[in-house]
Amino acid sequence: MNSVKHIKYSELSLLDKALIDKAVAMTDAAYAPYSGFLVGAAVQLSNGMVLGGCNQENASYPLCMCGERVALYNAAANYPTESVVTLAIVARNPKKKLTQPVSPCGACRQVIAEYESRYGSDIRIILKGETEDIIEFESIKELLPYGFDDTFL
Ligand code: THU
């Protein structure tokens, strides 16, 4: 454990830059009329494909769905046999510049952990806000230690 890197966008590999760029592009498609908080996500699959997602809000607030979960569910629904290798999450807040990378909510951490179990491999997570700062995690285990999983069932 403890493979957390604080780096700059310019230090990312070309592949990771492209994944972050896709996540940034996805913020334009965010449906967030209630919070105004725009989240874009992109996943890199084991077959090299890149899929996106963005947050989807609802007038019935508890039904709002986070962008990273939309991206993961998009991948799981369309390419169930491909594992997710990397997940990029980006946010933009028109009301207030995000000076640090956005961090996934607790529910999303649990969902990411589920897919690590399902695929039997770590999912690298790359976070970005509205600056050049990037935080990279080798696995959700860094963000959700001592989590609940199927080994208890
Ligand atoms: N949101 C995400 O999409 N991902 C997160 O990790 C945190 C929050 C969304 C949910 C809601 O649409 C808006 O951001 C404000 O909470």
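Asn55 counts as buried because its relative accessibility is 6%, where buried means under 20% relative accessible area, exposed over 50% and partly exposed in between (1.4 Å probe, protein chains only). Before going on, a word on the ground rules: this is a predicted model, in which local features need pLDDT of at least 70, side-chain atom pairs count only at pLDDT 80 or more, and totals for chains, interfaces and linings use all residues. Residues are numbered from 1 along each chain as its sequence is written, and side-chain values use heavy atoms, with hydrogens and water left out.

**Around the ligand**

Back to Asn55, which sits in the loop between S3 and helix H2 (67-78). Helices (H or I, at least four residues) and strands (E, at least two) are DSSP runs, numbered from the N terminus. A polar atom of the Asn55 side chain lies 3.1 Å from the backbone nitrogen of Val39. Both Asn55 and Val39 also belong to the set of residues around the ligand, along with Ser35, Phe37, Glu57, Cys66, Gly67, Glu68, Ser103, Pro104 and Cys105. Here a residue is near a molecule if one of its heavy atoms lies within 4 Å of it.

What does that shell look like by class? It has five nonpolar, four polar and two charged residues. For the bookkeeping, Ala, Val, Leu, Ile, Met, Phe, Trp, Tyr, Cys and Pro count as nonpolar, Asp, Glu, Lys and Arg as charged, and the others, Gly among them, as polar.

Which protein atoms come up against oxygen atoms of the ligand, and at what distance?

| Residue | Protein atom | Distance to a ligand oxygen |
|---|---|---|
| Glu57 | side-chain N or O | 2.5 Å |
| Glu68 | side-chain N or O | 2.6 Å |
| Cys105 | backbone N or O | 3.2 Å |

Taken alone, the ligand exposes 370 Å², and the protein buries 79% of that. Those areas come from the Shrake-Rupley method with a 1.4 Å probe; for residues, only the protein chains shown count as cover.

Pro104, another of the residues around the ligand, is found in the loop between S4 and H3. Pro104 counts as buried because its relative accessibility is 2%.

**The strands**

Strand S2 (residues 38-45) pairs with S4 in the antiparallel sense over eight bridges; two strands pair if DSSP finds at least two bridges between them. Gly40 has Cys54 in S3 as its bridge partner. The hairpin of S2 and S3 has four residues between the strands, and in it Gly48 takes a positive phi near 90 degrees.

How much of S2 is covered? Eight of its eight residues are buried. In a regular strand the side chains alternate between the two faces of the sheet. For S2 both faces are covered, with Leu38, Gly40, Ala42 and Gln44 buried on one side and Val39, Ala41, Val43 and Leu45 buried on the other.

Strand S4 (residues 84-92) is mostly covered too, with seven of its nine residues buried. S4 runs parallel to strand S5 (residues 124-128), and five bridges join them. Val90 stands opposite Lys128 in S5. From S4 the chain passes through helix H3 (residues 106-119) to S5 in a right-handed β-α-β crossover, right-handed meaning that, with the strands pointing away from the viewer, the path from the first strand over the helix to the second runs clockwise.

**Toward the two ends**

Glu136 lies in strand S6 (residues 133-137) and, at 5% relative accessibility, counts as buried. The side chains of Glu136 and Arg124 are joined by a polar contact of 2.9 Å. A polar contact is a pair of N or O atoms within 3.5 Å; within protein, one must be able to donate a hydrogen and the other to accept it, and residues adjacent in sequence count only if both atoms are side-chain atoms.

Tyr146 is in the segment after S6 and counts as exposed because its relative accessibility is 86%. Most residues other than glycine have a negative phi. Tyr146 has a positive phi of about 55 degrees although it is not a glycine.

Ser3 is in the segment before strand S1 (4-8) and is partly exposed, with a relative accessible area of 31%.
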